[in-house]
Amino acid sequence: MRRLGCDILGGVRPYRSSTKGRVVESEIVNILDVEPAALRPLLEAESRAWETELHWDYSASSRLISTWLEERRLSGYTLRSDGKIRGFCFYFLEGPRAHIADLFIEPNQAELMYAKQLLDRVLRHLLTSPQTHRVEAQLPHFSFESLAPWFRIHCFEGYIREFMAVPLSTSNTAESIASETSSRSKGDFEIAPWERCHDRQAAELLYHAYHHHVDAAINEQYASLAGVSRLLENVVYHHGCGEFLGQASFVAFHRPTRKLAGILGATRVRRETAHLPQIAVGVEFQGAGVGTALLRRGLNHLQCQGFREVSLTATSLNHGAIRLYQRLGFRTFRAFGAFVWQRHSKDSSSTLTNAM
Ligand SMILES: CC(C)(COP(=O)(O)OP(=O)(O)OC[C@H]1O[C@@H](n2cnc3c(N)ncnc32)[C@H](O)[C@@H]1OP(=O)(O)O)[C@@H](O)C(=O)NCCC(=O)NCCS
């Protein structure tokens with residue numbers, strides 16, 4: 001167990017480190033003390049990274065971050081070296097839960113070293129704050145391996161998350177999607193477009209489907225009905241994961257009972273790339289082909305709408321789901337880390353064993 005002292009909190013702190021034989025001086029500066037214009041080149045570089053590495057048009061999110069910077073509404077830190085801002089990390093506080101929402105370092109700089117310096121500052125602030133009981137982070141610009149040992153020092157649990165995608169343009173993909181059958185469930189289920197009237201049932205389905213699920217260990221929102229309702233609202237109404245595509249999002253009903261059996265949400269994340277931010281099947285209906293049928297319907301619809309690629313993210317430990325995606329042609333193109341720290345009531349610092 002490691003206790004973190006408060007003595008390192010304070011103003012600007014210089015770092016001296018050496019990379020490739022060169023001594024590099026850098027300092028961590030509160031994001032509120034930096035002119036928003038100084039972060040613009042970094043935001044542009046981040047948008048390029050999302051486009052090339054994550055197949056995602058990040059421009060709308062980037063504009064939102066710029067607005068928050070202008071309005072001085074972001075909490076976090078930047079790293080300055082040679083007079084330039086080289087990286088930033090910001091977080092949101094939601095009651096006792098802190099969510100590290102972004103960590104980005106200028107490419108070709110001492111990325112990992114700077115990332116650790118920034119995270120070090122953010123975590124020392126969050127972990128020593130008595131109000132913070134939980135810290136969650138998903139950092140898609142960094143591999144799990146690069147950050148895991150360092151998060152482990154701070155008593156975080158770590159999980160590998162996979163960005164997966166299937167191309168929709170090749171005829172063999174179309175064939176494999178079309179030939180997937182849901183014979184196990186034939187006749188028992190009907191698929192319909194996802195409409196607002198399904199929201200309450202969808203939230204209940206999600207809450208039960210993710211009970212004791214690894215994704216609920218990563219994202220605490222899955223652990224309560226209010227949390228999953230917020231999560232759904234964010235995807236469907238606040239463009240939290242791209243532009244929601246109502247026409248390509250579906251629900252499945254169990255015909256005999258008229259119960260909601262499954263949901264599939266789809267968003268547009270760049271011109272010809274769709275994303276599936278949510279797929280879940282009610283616990284009592286799992287393993288009956290509903291998930292396969294929903295995915296098939298969604299992929300076929302997206303292909304007809306001119307999309308050339310569909311992506312999603314999944315936790316590596318969610319073996320069944322990953323097998324299902326692979327059967328439909330999805331392949332992992334990037335793996336990154338999700339990290340979670342939970343304060344234990346007996347200990348005001350942290351006592352977690354880690355599972356990395
Ligand atoms: C993953 C999930 C959507 C699959 O839907 P489904 O209707 O159960 O799947 P299908 O019956 O069409 O296909 C069966 C495949 O799903 C997977 N699967 C079945 N039951 C599962 C379960 N309880 N948990 C995880 N995967 C499961 C398996 O890969 C299975 O294939 P297999 O025969 O090779 O093991 C569904 O199980 C579920 O909602 N799980 C919990 C939420 C979740 O993990 N969502 C995905 C997040 S990325």
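Leaving aside neighbours within four places in sequence, which residues is F244 in contact with?

## Surroundings of F244

In this predicted model, the contacts of F244 beyond four places in sequence are V235, V236, H239 and T267. F244 belongs to strand β9, which covers residues 243-244.

F244 has 20 other C-beta atoms within 10 Å, and because a residue with 20 or more counts as buried, F244 is buried. G265 lies 21 residues away from F244 along the chain, and the C-alpha atoms of the two are 7.8 Å apart.

## The shell around the ligand

There are 19 residues around the ligand, and the ones that come nearest are Q286, G291, T292, G320 and A321. By type, the shell holds 10 nonpolar residues, 8 polar residues and 1 charged residue.

Three elements each supply at least two residues of this shell: strand β12 (273-281), helix α9 (290-304) and helix α10 (319-327). Helix α10 gives the most, with 4 residues.

## Confidence of the prediction

The average pLDDT of the chain is 88, and 85% of the residues score at least 70. Residues 1-13 have a pLDDT below 50, and the model gives this stretch 18 contacts beyond near neighbours in sequence.

Residues 177-183 also have a pLDDT under 50. For residues 177-183, the model has 12 contacts beyond four places in sequence.

Definitions and conventions: Residues numbered from 1 in each chain as written. Predicted model: local features only at pLDDT ≥ 70, side-chain atom pairs only at ≥ 80, totals over all residues. Near = placed C-beta within 6 Å. Nonpolar A, V, L, I, M, F, W, Y, C, P; charged D, E, K, R; others polar. pLDDT = per-residue confidence, 0-100. Contact = placed C-beta atoms within 7 Å. Buried ≥ 20, exposed ≤ 12 C-beta atoms within 10 Å, placed from the backbone.
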